[in-house]
Amino acid sequence: MAVKKIILYPNPLLLKTSTKIDKFDENLVTLSKHLIDTMYDADGVGLAAPQIGINKRIFVMDCSREDEEKDLRIVINPEIVNESEELHLYKEGCLSIPGITEEISRPKVIEVMYQDINGVTQRKTYDNLWSTCFQHELDHLNGKLFIDHLRPMKKLLVKNKMNKSSKKDR
Ligand SMILES: [Zn+2]
């Protein structure tokens with residue numbers, strides 16, 4: 001097991017745009033293992049590389065329910081090629097913003113392209129929680145957090161709450 005430290009908002013590494021991956025080598029396999037171990041250890045459904053301080057375009061996700069088999073996806077250089085007009089509302093949280101959950105609406109169905117760990121292009125359709133999770137993780141690769149989807153006033157309230165709790169920790 002290689003559980004890494006998850007970096008927390010407002011660490012500037014979370015706000016950077018991550019770079020495209022072009023080498024599908026052992027280092028990438030190691031990075032993906034770090035992400036997988038760290039995600040499962042934290043009981044998360046998704047984890048993006050910037051959250052362990054690495055600004056590269058890779059994330060892992062597993063939105064299977066507890067009564068289902070594990071269903072892990074390693075997603076590299078993702079793109080959304082199509083999205084539904086219909087939206088899906090979900091109370092999101094983020095391992096990098098502990099203690100905060102907010103309802104966010106995003107396209108319910110998305111068609112995506114990405115590369116797997118071998119560099120093979122995958123084209124898939126995701127819906128509901130899988131769609132929400134994919135979009136949330138893709139946002140991380142673009143330096144965007146789920147609270148950036150909130151209305152300005154709401155976002156301010158959340159930020160104040162965050163600041164208060166991080167001061168308490170010190
Ligand atoms: Zn997140």
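Asn77 counts as partly exposed because 18 C-beta neighbours lie inside 10 Å; a residue is buried if 20 or more other C-beta atoms, placed from the backbone, lie within 10 Å of its own, exposed if 12 or fewer, and partly exposed in between. The model is predicted, with local features needing pLDDT of at least 70, side-chain atom pairs counting only at pLDDT 80 or more, and totals for chains, interfaces and linings using all residues. Residues are numbered from 1 along each chain as its sequence is written.

Asn77 belongs to strand β3 (residues 73-83) and has a positive phi, near 50°, although Asn77 is not a glycine. A positive phi of about 50° is also found at Asn128, in helix α2 (residues 128-141). Asn128 is exposed, with 12 other C-beta atoms within 10 Å. Tyr9 and Pro10 are joined by a cis peptide bond with omega about 5°, and Pro10 lies in the segment before α1 (26-41). Most residues other than glycine have a negative phi, and most peptide bonds are trans.

The protein contains 3 helices and 7 strands, which are DSSP runs (helices H or I, at least four residues; strands E, at least two) numbered from the N terminus. Their order along the sequence is α-β-β-β-β-β-β-β-α-α.

The C-alpha trace spans about 45 × 40 × 35 Å along its principal axes. Of the 170 residues, 28% are buried.
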